[in-house]
Amino acid sequence: MVISRIPRVGIGGPVGSGKSLLIERMVPILYDRGYVTGIISNDVISKEDADRIRHTLSTNLNIIPKDLVVGLATGGCPHTAVREDPSMNLAVIEEMEQSHPELDIIIIESGGDNITTTFSPVLADYFIYVIDVAGGDKYPRKGGLGIQSCDLLVINKIDLAPHVDANLETMSKDSLRMRDQRPFLMSDCRHNTGVDSIVDHIISDILFDQAPKAHTQ
């Protein structure tokens, strides 16, 4: 598959699963490997997640320009803006692409929603769905569009497993069964555990191991 546009990664998952923190952890790794990242964060009425991500990556770490972190208050059900009518996101992407031709990848975060979240193929080329161990080890076997259809399932907050009596081996077996052997990873974003492996998947699965634009010019 050849993607002529800047590759786009959609990140969805329930409220509190760790989507924003995952982005805050992934982008510095991508940056260290030479990739320039743009970020769009969708929420219903707030731009709080985008403000936090911008403060972390642009103000504190100074690794991407502030205008490459955009918050969208969708005013409706979060998945509407990434699935049924992605026009708001597409308009921001077009502006990003024109203003920053050096971009290698765009990450689109969906506002917290339930297990039905998916991304329109018009908007995202690759879909990561994030759940967390605090939801219980039954979560993967509940299925749902997000868990079953995503390109990569991330089971986050594995450090909480002993505290919520969650069996990670059960979650692994159920993930393989529900996803027909397609990939999943476990992570603890708070302590940066497993994030490198998630970035490896992005680079191999959607960037096809291509060198960053800055390295090819």
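Visitor: Why are α1 and α8 called roughly perpendicular to each other?

Guide: First, a caution: this is a predicted model, in which local features need pLDDT of at least 70 and side-chain atom pairs count only at pLDDT 80 or more, while totals for chains, interfaces and linings use all residues. Residues are numbered from 1 along each chain as its sequence is written, and side-chain values use heavy atoms, with hydrogens and water left out. The axes of α1 and helix α8 (residues 195-205) cross at roughly 65° and come within 10 Å. Angles under 35 degrees count as roughly parallel, over 145 as roughly antiparallel, 65 to 115 as roughly perpendicular and the rest as oblique. α1 and α8 are therefore roughly perpendicular to each other.

Visitor: What makes the contact between α1 and α8?

Guide: Contact means heavy atoms within 4.5 Å. On the α1 side it is made by Leu22, Arg25, Met26, Ile29 and Leu30, and on the α8 side by Val195, Asp196, Ile198, Val199, Ile202 and Ile203. By class, these residues of the contact of α1 with α8 are nine nonpolar, no polar and two charged. In this classification Ala, Val, Leu, Ile, Met, Phe, Trp, Tyr, Cys and Pro count as nonpolar, Asp, Glu, Lys and Arg as charged, and the others, Gly among them, as polar.

Visitor: Which residues lie nearest the centre of the largest pocket?

Guide: A pocket is an open set of points on a 1 Å grid where a 1.4 Å probe fits, with protein on both sides within 12 Å along at least five of seven lines; lining residues have an atom within 4 Å of a point. The largest pocket has 21 lining residues, and Gly16, Ser17, Gly18, Lys19 and Ser20 lie nearest its centre. α1 gives the most to this lining, with three residues. By class, the lining of the largest pocket has four nonpolar, eight polar and nine charged residues.

Technical notes: Helix = DSSP H or I, 4+ residues; strand = E, 2+ residues; numbered from the N terminus. Axes fitted to C-alpha atoms, helices over the stretch in contact; angles between N-to-C directions.
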